[in-house]
Amino acid sequence: MHILKLAAKGILFSAGLGLALGAAHAQTVLKMGFGLPVTAHYGVGAAYMQQEIEKRTGGRYKLELFPNFALGGEREMTEGAQLGTIDLVITSTGPVGNFVPDTLITDIPFLFRDYNHARSVLDGPIGQAILAKCTAKGLICLAWSENGFRHMTNSKREIKAPEDTKGLKIRTMENPVHMTAFRTIGVLPTPMAFPEVFGALQQGTVDGQENPIGVITSAKLFQVQKHLSLTGHLYSPAMVLMSPAAYNKMSDADKKTIRELAQEGANITRKRVQQLEADGIEELRKSGMQVKVLTIDEKASFQKAMAPAYKEFGAKFGQANIDAIGNYK
Ligand code: EAX
């Protein structure tokens, strides 16, 4: 009888041990969604996070990647993170302003001089303060990633001045700041989720769109667009978002790790953005696109034409806040 008790104890002990071991090594699989192929700028950052997370969390976490908008457009994915149906998302700020209005100030055209300026503002106190605003909106914003400087493409005509855009139906992101700016120069802005863009350009529902070179190449938009104008009219930030549902289950150590990995992945994404930009313009030319390199004056004419929009942005965001970004060194 005693042995049985011992055995039972032994079984209980090993069951307890097994449970503890199982529990200790229970691995959580986090679903991460983003747009574009895994070889594009978001994908390389996500792949780095996937490669590192198991090591840096002692096997407690693993990432499953869903590239190419497999989990929906950027607005849908952001909503999914808010609802907890998606654990992690890399998205441009395009639709995020609909959830966290404090991000919209970063979407103002011609606000950032160059990549260094943008990155230092976003990684600095101004950018970090905006990230912190996400929590109250049901999102955990882990880090600023990058989409790149946006340029205009269309199927109708060469664009080198605001007048050339008059009456063109241009697809924009679902972003009120972008739409105001484009409307101000005479464009008919058509907000649309990115997965619908290729079809809409192909069918002629819209005449054009605007995106960084890395997006134009990786989404093969050269197949449905003839003209590329290097307007560089706005720096498009991106964000690494997490659902509070998944984040709040993490230990403090793992929360720290996921924030570090998001920033490290974003730095890899930034490098890829510039690489795709450097290689992509020639690639697009070879693919038959007519590429217009705008002079500084031609670019300035767009900024000038957007002056009425800036007045509106000044009232909306506070001119001092806009100047704090513009003058940031
Ligand atoms: O983030 O929607 C857009 O134009 C974005 O640039 C694209 O989804 C990549």
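In the predicted model, Glu163 is exposed, because its relative accessibility of 52% lies over the 50% cut-off. The residue is placed in the loop between strand E4 (140-154) and E5. Its C-alpha atom is separated by 48 Å from that of Leu30, a residue 133 positions away along the chain. Leu30 itself is among the residues that touch the most other members of the largest nonpolar core.

The chain as a whole contains 13 helices and nine strands. Its C-alpha trace extends over about 95 × 45 × 30 Å along the principal axes. Of the 329 residues, 52% are buried. Among contacts with a separation of 6 or more, 74% are accounted for by residues 24 or more positions apart.

The largest nonpolar core comprises 90 residues, and the members that touch the most others are Leu30, Met32, Leu142, Met242 and Ile258. Strand E8 supplies the largest share of this core, with eight residues. The surroundings of Ile258 were examined with neighbours within four places in sequence set aside. Under that condition, Ile258 is in contact with Met49, Ile53, Leu88, Leu142, Met242, Tyr247 and Met250. Two of these partners, Leu142 and Met242, are themselves named with Ile258 among the core members that touch the most others.

Helix H3 spans residues 74-83, and its buried residues are Glu74, Met77, Thr78, Gly80 and Ala81. Viewed down the axis of H3, these residues fall within an arc of 155° and therefore line one face of the helix. The elements that cover them include strands E1 (28-34), E3 (88-92) and E8 (227-242), together with helices H2 (41-56) and H9 (244-247). Just after H3, Gly84 adopts a positive phi of about 90°.

Most residues other than glycine have a negative phi. Asn68, which is not a glycine, has a positive phi of about 55°. Asn68 is located in the loop between strand E2 (61-66) and H3, and with a relative accessible area of 47% it is partly exposed. Phe110 likewise is a residue other than glycine with a positive phi, here near 60°. Phe110 belongs to the loop between E3 and helix H4 (115-123). Its relative accessible area of 19% falls under the 20% cut-off, so Phe110 is buried.

Helix H12 takes part in two helix pairings. In one of them, helix H6 (residues 176-184) packs against H12 (residues 307-317) at an angle of about 155°, with the axes 8 Å apart. Because this angle is over 145 degrees, H6 is roughly antiparallel to H12. On the H6 side the contact is formed by Val177, Thr180, Ala181 and Thr184, and on the H12 side by Pro308, Ala309, Glu312, Phe313 and Phe317. By class, the residues of this contact are six nonpolar, two polar and one charged.

In the other pairing, the axes of helix H11 (residues 296-305) and H12 cross at roughly 50° and come within 5 Å. H11 is thus oblique to H12. Gln303, Lys304 and Ala305 of H11 meet Ala307, Pro308 and Tyr310 of H12. The contact of H11 with H12 is made up of four nonpolar, one polar and one charged residues. Pro308 of H12 is found both in this contact and in the contact with H6.

Strand E5 (residues 169-172) includes Thr172. With a relative accessibility of 0%, Thr172 counts as buried. When residues up to four places away in sequence are not counted, Thr172 touches Met179, Phe182, Pro189, Thr190, Pro191, Met192 and Glu210. Among these partners, Met179 and Phe182 fall within the residue range of H6.

Ala129 lies in helix H5 (residues 125-132) and, at 40% relative accessibility, counts as partly exposed. Ala129 and Asp102 are 27 residues apart in sequence, and their C-alpha atoms are 9.4 Å apart in space.

Key: Residues are numbered from 1 along each chain as its sequence is written. This is a predicted model: local features need pLDDT of at least 70, side-chain atom pairs count only at pLDDT 80 or more; totals for chains, interfaces and linings use all residues. Side-chain values use heavy atoms; hydrogens and water are left out. Buried means under 20% relative accessible area, exposed over 50%, partly exposed in between (1.4 Å probe, protein chains only). Helices (H or I, at least four residues) and strands (E, at least two) are DSSP runs, numbered from the N terminus. The arc is that of the directions from the helix axis to the C-beta atoms. Contact means heavy atoms within 4.5 Å. Axes are lines fitted to C-alpha atoms, for helices over the stretch in contact, and angles run from 0 to 180 degrees between N-to-C directions. Angles under 35 degrees count as roughly parallel, over 145 as roughly antiparallel, 65 to 115 as roughly perpendicular and the rest as oblique. Ala, Val, Leu, Ile, Met, Phe, Trp, Tyr, Cys and Pro count as nonpolar, Asp, Glu, Lys and Arg as charged, and the others, Gly among them, as polar. A nonpolar core is a set of buried Ala, Val, Leu, Ile, Met, Phe, Trp, Tyr and Cys residues joined through side-chain atoms within 4.5 Å.
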